[in-house]
Amino acid sequence: MAPETITTHMGNLQAALETQDSDAIYLAAHTIMGTAGSMFAPRLAAIAKEMEGLSKDNSAAVALFPALEKTGSETITWWKGKMD
C-alpha cells in the first residue's frame, strides 16, 4: 500500500505545483514524508520534508520536484524488491 500512496501523492503534488496551490503542496509533501518514514526511506523523507518547507515558494518547489520524483521512483523499486 505504501508505494501506491507515494505514487498517488506524487500526482497530487504535481497537480498542486501546476496550480500553485501551496496548501496542497504542503499536504502532499507531508504525506509523502510520513509514508517514506514508515517505509524506512530516509532519503525520500528528507527531500519530501524539504518540499514541505518550500510549499509557499512555488518556483523552488517546482525546481525540487524532479529530485523528489526520481527518489520516489527509486524508493518504490527498492521497496518492491524487498517485498519479493
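How far apart are the end C-alpha atoms of helix H4, and what span should its 26 residues have at 1.5 Å a residue?

1. Span of H4. Helix H4 covers residues 58-83, and its end C-alpha atoms lie 36 Å apart, which agrees with the 38 Å that 26 residues should span at 1.5 Å a residue. The expected span is 1.5 Å times one less than the number of residues. Helices here are DSSP runs of H or I with at least four residues, strands are runs of E with at least two, and both are numbered from the N terminus.

2. Basis of the model. The model is predicted, with local features requiring pLDDT of at least 70 and side-chain atom pairs pLDDT 80 or more, while totals for chains, interfaces and linings use all residues. Residues are numbered from 1 along each chain as its sequence is written, and side-chain values use heavy atoms, with hydrogens and water left out.

3. Overall architecture. The protein chain contains 4 helices and 0 strands, in the order α-α-α-α from the N terminus. Its radius of gyration is 12 Å, close to the 12 Å given by the globule rule for 84 residues, so the chain is as compact as a globular protein of that length. That radius is taken over C-alpha atoms, and the rule is 2.2 Å times the number of residues to the power 0.38. Along the principal axes, the C-alpha atoms fill a box of roughly 40 × 20 × 20 Å.

4. Burial and contacts. Buried residues (under 20% relative accessible area, with exposed over 50% and partly exposed in between; 1.4 Å probe, protein chains only) make up 39% of the 84 residues. Among contacts (heavy atoms within 4.5 Å) with a separation of 6 or more, 58% join residues 24 or more positions apart.

5. Bend and buried residues of H4. H4 bends by about 35 degrees at Leu64, and Pro66 follows within four residues. The bend is the angle between axes fitted to the seven residues ending at a position and the seven starting there. The buried residues of H4 include Leu64, Phe65, Leu68 and Gly72. Their cover includes helix H1 (2-19), helix H2 (22-38) and helix H3 (42-53).

6. Gly72. This residue of H4 counts as buried because its relative accessibility is 2%. Leaving aside neighbours within four places in sequence, Gly72 is in contact with Met10 and Leu44. The C-alpha atoms of Gly72 and Thr7 are separated by 8.0 Å, although the two are 65 residues apart along the chain.

7. Helix H2. The 17 residues of H2 reach 24 Å from the first C-alpha to the last, close to the 24 Å expected at 1.5 Å a residue. Phe40, which follows H2, has a positive phi near 60 degrees. Buried positions in H2 include Ile25, Ala28 and Ile32, and their cover includes H1, H3 and H4.

8. Beyond its neighbours within four places in sequence, Leu13 contacts Ile25, Ala28, Ile32, Met51, Phe65 and Leu68.

9. His9. Helix H1 contains His9, which counts as buried because its relative accessibility is 19%. Not counting residues up to four places away in sequence, His9 touches Ala28, Thr31 and Ile32.
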